[in-house]
Amino acid sequence: MHRQGSDPDNIQPQDILCDFCERPTWEMDIPSIEGHHGSVLCAECLEVAWDSLVVEKQEIPSDPEWTCSMCLESNDGPWWQSSIREARVCRRCVKQSAGVLHKSKDWDWKKPGREA
Ligand SMILES: [Zn+2]
Ligand SMILES: [Zn+2]
């Protein structure tokens, strides 16, 4: 997402924030995945989400009104949600994002829980 009050015609690196932890991923050089409408999931949140949804298979009760910040779809989840703001991501997007980052040549990022 973009920092509140940033100029949409003149976005600076520090204006690009992770939707889930609100850190400026570009400025801090944190690997990140872009979703629809400029939503951003950084690698650190992705790891936490991966842990929760893929490793521990935690499920939080779903609400039909929820939509995923990354794909903007309302699906059955399961979800991982930000602890600081109203943002959630579905497991499909977590898996997809992990796959993209894992393969990306720009980042040295590997799916958690796997030996390189
Ligand atoms: Zn984050
Ligand atoms: Zn999604």
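The accessible surface of the chain in this predicted model comes to about 7,200 Å², and 45% of that area belongs to carbon and sulfur atoms. Accessible areas are computed by the Shrake-Rupley method with a 1.4 Å probe, and for residues only the protein chains shown count as cover. Of the 116 residues, 44% count as buried; buried means under 20% relative accessible area, exposed means over 50%, and partly exposed lies in between (1.4 Å probe, protein chains only).

Residues are numbered from 1 along each chain as its sequence is written, and chains are lettered from A and ligands numbered from 1 in the order in which they are written. Local features need pLDDT of at least 70 and side-chain atom pairs count only at pLDDT 80 or more, while totals for chains, interfaces and linings use all residues; side-chain values use heavy atoms, with hydrogens and water left out.

**Overall fold**

The chain has 3 helices and 4 strands, and from the N terminus on these elements run α-β-β-α-β-β-α. The radius of gyration is 14 Å, close to the 13 Å that the globule rule gives for 116 residues, so the chain is as compact as a globular protein of that length. Helices (H or I, at least four residues) and strands (E, at least two) are DSSP runs, numbered from the N terminus. The radius of gyration is taken over C-alpha atoms, and the globule rule is 2.2 Å times the number of residues to the power 0.38.

Along the principal axes, the C-alpha atoms fill a box of roughly 40 × 40 × 20 Å. Contact means heavy atoms within 4.5 Å. Among contacts in the chain with a separation of 6 or more, 40% are between residues 24 or more positions apart.

The chain carries 13 positive and 21 negative side chains, and the centres of the two sets lie 8 Å apart. Lys and Arg count as positive and Asp and Glu as negative, whereas His and the chain ends are not counted. The place of a charge is taken as NZ of Lys, CZ of Arg, CG of Asp or CD of Glu.

The largest nonpolar core has 28 residues, of which F20, C45, C68, M70 and V89 touch the most other members. At least two residues of this core come from each of β2 (40-42), α2 (43-55), β3 (79-81), β4 (88-90) and α3 (91-103). With 7 residues, α2 gives the most to this core. A nonpolar core is a set of buried Ala, Val, Leu, Ile, Met, Phe, Trp, Tyr and Cys residues joined through side-chain atoms within 4.5 Å.

The buried residues in α2 are A43, C45, L46, A49, W50, S52, L53 and V54. They pack against β1 (32-34), β2, β3, β4 and α3. Leaving aside neighbours within four places in sequence, V89 is in contact with F20, L53, C68, M70, P78, W79, W80 and V94.

D15 lies in the segment before α1 (25-28) and is buried, with a relative accessible area of 9%. Apart from neighbours within four places in sequence, D15 is in contact with M1, H2, R3, S6 and N10.

K111 is found in the segment after α3. This lysine is also buried, at a relative accessible area of 17%. With neighbours within four places in sequence left aside, K111 is in contact with W50, A98, G99 and H102. The C-alpha atoms of K111 and E27, which are 84 residues apart along the chain, are separated by 23 Å.

N75 is found in the loop between α2 and β3. Beyond neighbours within four places in sequence, N75 is in contact with S62, W66, C90 and R92. N75 and E65 are 10 residues apart in sequence and 9.2 Å apart in space, C-alpha to C-alpha.

**Backbone geometry**

Most residues other than glycine have a negative phi, and most peptide bonds are trans.

| Residue | Phi | Relative accessible area |
|---|---|---|
| E22 | near 60 degrees | 39%, partly exposed |
| K57 | about 50 degrees | 57%, exposed |

E22 is found in the segment before α1. A cis peptide bond joins G77 and P78, with omega about -5 degrees.
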